[in-house]
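Me: Got a model open here. Can you walk me through it?

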Amino acid sequence: MSLIDKIFPDPLPSVEEIEKKYAPRALPEGAKVTRIAPSPTGFMHIGGIYSALISERIAHQSGGVFYLRIEDTDTKREVEGATDLISSSLGAYGLAPDEGVDVSGVEHGNYGPYSQSCRREIYQAYIKKLLEEGRAYPCFSTVEELERIRKGQEVRGERLGYYGSWALSRGLSAEEAEARIDAGIPYVIRYKSLGDYNHKITVNDTIKGKREFPDNDLDIVIMKSDRLPTYHFAHVVDDHLMGTTDVIRGDEWMPSLPLHIQLFREMGWKVPRYAHIAPIQKMDGNSKRKLSKRKDPEASVTFYDEEGYSHEAVVEYLLNLANSNFEDWRKQNPSADYHDFPFSLKKMNNSGALFDFTKLNSVSREVIGRMSADEVFERAHAWAKTYDVDLAARMESNRDYVRSIFNIEREGVRNVRKDISKWSDVKEEIRYFFDDQFSLNREAFESQLSDNLRKDWPEMVRLFAEGYNPEESKDEWFGRMLEIAAGLGYARNGKEYKAAPENFRGDISDVVKVFRVLITGKTQSPDLYSIMRVMGPERVLKRVNAFS
RNA sequence: GGUCCCAUCGUCUAAUGGUUAGGACACCACCCUUUCACGGUGGCGAUACGAGUUCGAAUCUCGUUGGGAUCACCA
C-alpha cells in the first residue's frame with residue numbers, strides 16, 4: 001500500500017467527477033456571484049450583516065447570485081443552533097441568500113452541499129491529487145516541535161513560519177512517512193509552496209486597489225489532523241466550485257491573499273476578484289479596535305433586536321457607512337427602496353469606520369418618520385411581544401388609543417415629528433397617556449415652574465377649566481390661552497416679552513407650560529392641543545384640576 | 001520583530017495638482033413657533049508633523065509620529 005493509499009484508504013470521488021458536477025453557472029454577462037461564509041459560532045456579528053449586505057447588493061444589483069456557505073471546519077468552536085441564528089438574522093435583515101440553508105434548515109441551490117463539514121470528500125479528493133502530484137506532503141511535527149521552530153526563528157531574528165529549511169517534514173521520504181503513519185503518529189497535510197519570498201506579487205483588490213506583497217513561501221496546512229481542510233484550502237476549492245466571481249470578506253484576510261492566489265493557480269483555476277472590507281471599529285481609550293464580541297454588546301445583532309432598532313434603520317446606517325453618498329441619495333429619494341441605491345465597492349473606504357450610535361439614531365428616526373401610524377403601531381407591537389410583554393399587552397388592549405398617540409404630528413403633517421429612534425423608546429413616549437403610569441405630585445409640578453407661575457397657576461387653571469370645551473378647535477383653544485395670558489399679565493408671544501420683559505410676568509409659552517406639565521408631567525411633549533384631543537376631556541380635566 | 005496597510009472637522013466622509021477644503025450626524029445661535037420637537041438660516045470645527053517636487057500640494061515623493069491588520073492543525 002502506497003503512502004497516499006495509507007492517507008486516504010477509502011475511495012474518494014475523482015476530481016473530474018467533481019468538476020463535472022459543478023458546472024459553470026449560466027449567468028448573464030456581468031452578473032456577479034458573491035457569498036457570505038460565516039462560521040457557526042453562535043454569535044452573529046453586526047460586521048457579518050455589514051458584509052452580507054454588501055455582498056447581497058453586489059450580487060443582486062448585477063443580476064447575480066448571493067449564497068450562504070457555512071464554514072464549519074472548526075469542530076471545536078462550533079455551537080449548536082448557530083446556523084439557525086445565521087439564517088434567521090440574514091432573513092430578518094432582508095438578506096436571505098439565493099442558495100444555502102434557509103431558516104427552516106432546508107438547503108437550496110445546485111452547488112451544495114453548502115456546509116463545509118459535508119464537503120469533506122471533495123476537499124480530500126483535491127488533496128489526494130496534490131499529494132499524487134507531489135505538491136503536498138504529510139507533516140508530523142507536533143505542537144511542541146512547531147513551538148521550538150518558532151523560538152529558534154525568534155532568537156535568530158528570522159522570519160516566522162513553516163518554510164524553507166524550517167519545513168522539517170518536507171524532505172521526509174515516503175518510507176519514513178509511511179512508517180510514522182503505521183505507528184499511528186498524527187499528522188497534517190501541508191501544501192508544498194514553490195513561492196519565492198523575495199519575489200513580489202501584485203494583487204488588485206476591488207476596494208483597496210493595487211497591493212504588493214512578497215510571494216507566499218509558507219507550507220501551510222491544508223488538511224488538519226481531524227482530516228478537515230483549513231480555511232485557506234476550503235476557500236479556494238469552494239469558491240472555485242461554487243462559481244464565486246467576487247470574494248467579499250473582512251480585510252483581516254488581506255495578508256493571506258498571496259497564499260490564496262497561489263493555491264488558485266496551483267489548482268489551475270481562475271482567481272476570483274477580491275474585495276476586502278475594513279471592519280467596523282470602536283474607540284477604546286486612545287486607539288481604535290474592532291467591535292468585540294466580548295466587550296461590546298453592540299457587536300451582536302441581538303443587541304439591535306433587543307433595543308428595537310428596525311432592520312431598515314440598521315441597514316440604512318450600514319449602507320451609509322459603506323457608501324457615504326447614500327445619504328445624499330436618500331435625501332434625493334426620500335421614499336425610494338434602498339435596493340434602488342446604486343451601491344459601489346469602489347466608494348468604500350479602505351480603512352475602518354467607527355461605529356456611531358448618534359448617527360444610527362438619527363438615521364433611525366428618519367426611517368421611523370417615514371412610517372404611517374399604523375406601521376409604527378404594528379412594528380412597535382411586534383417588537384414588544386418579545387421584548388416588552390407589558391407594553392405589548394397595553395398596546396393590544398388600547399389599540400385605537402395608542403394608534404392615535406402615534407399619529408400625533410405624524411400623518412398629514414408637513415414635517416413629521418421625529419422622536420422615536422427605536423421601539424424601546426415607545427414605552428416612555430406613551431407612558432403619560434395612561435393614568436396608571438402617570439403620577440405627578442404638587443412639588444414635582446411646581447418645581448418646573450417659574451416664581452411667577454408658581455403664584456399664578458391656580459388662577460390659570462381656574463380660567464382654563466371654566467371655559468374648557470372639549471370640542472373646541474385648535475384656534476379656539478389657543479385663543480383662550482392667549483386670553484388667560486393677557487388677563488394675567490403675560491405677553492402674547494416671545495417677541496413681545498423679550499422686547500420689554502419688565503412689563504410682563506412671562507409669556508404665552510409659560511402659560512402653556514403650566515398645562516403641559518399638568519397634563520404630561522413634562523416640559524417637553526408633542527403639540528399639547530393634539531395630546532388633549534387624544535386623551536379626552538375626562539382625563540384632561542382630572543389632570544388640570546389635580547391640585548386645585 | 002517581519003510583512004502589509006491607513007492618516008481631512010468630535011464622528012462618517014467629499015474634494016482623482018488650482019475649491020473661501022464641501023456635505024451629513026452631534027453641538028451652539030437665530031428664525032418659525034404654543035414649550036419641546038420638526039423645519040429653515042447661520043456658526044463652531046479638519047488636511048498629524050517635517051522636508052522635498054511644483055508657479056501652485058489635502059492631493060505626488062521621502063522621513064517622523066500615531067494607528068490598524070496579520071504572522072495557528074481558528075476562521
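Reply: Start at Ile280, which stands opposite Ala353 in S14. Strands are DSSP E runs of at least two residues, helices H or I runs of at least four, numbered from the N terminus. The model is predicted: local features need pLDDT of at least 70, side-chain atom pairs count only at pLDDT 80 or more, and totals for chains, interfaces and linings use all residues. Residues are numbered from 1 along each chain as written, and chains are lettered from A and ligands numbered from 1 in written order.

Me: How many bridges join S12 to S14?
Reply: Two, and strand S12 (residues 280-284) runs parallel to S14. Pairing needs at least two DSSP bridges.

Me: What's the strand order in that sheet?
Reply: S13-S12-S14, open, with mixed pairing. S13 (287-290) and S14 (353-354) are the edge strands, each pairing on one side only.

Me: Switching to helices. At what angle do H5 and H8 pack?
Reply: About 100 degrees, for H5 (residues 120-132) and H8 (residues 231-241), with axes 11 Å apart. Axes are lines fitted to C-alpha atoms over the stretch in contact, and angles run from 0 to 180 degrees between N-to-C directions. H5 and H8 are therefore roughly perpendicular (65 to 115 degrees; under 35 is roughly parallel, over 145 roughly antiparallel, the rest oblique).

Me: Which residues make the contact?
Reply: Ile122, Tyr123 and Tyr126 of H5, with Phe233, Ala234 and Val237 of H8. Contact means C-beta atoms, placed from the backbone, within 7 Å.

Conventions:
Contact = placed C-beta atoms within 7 Å.
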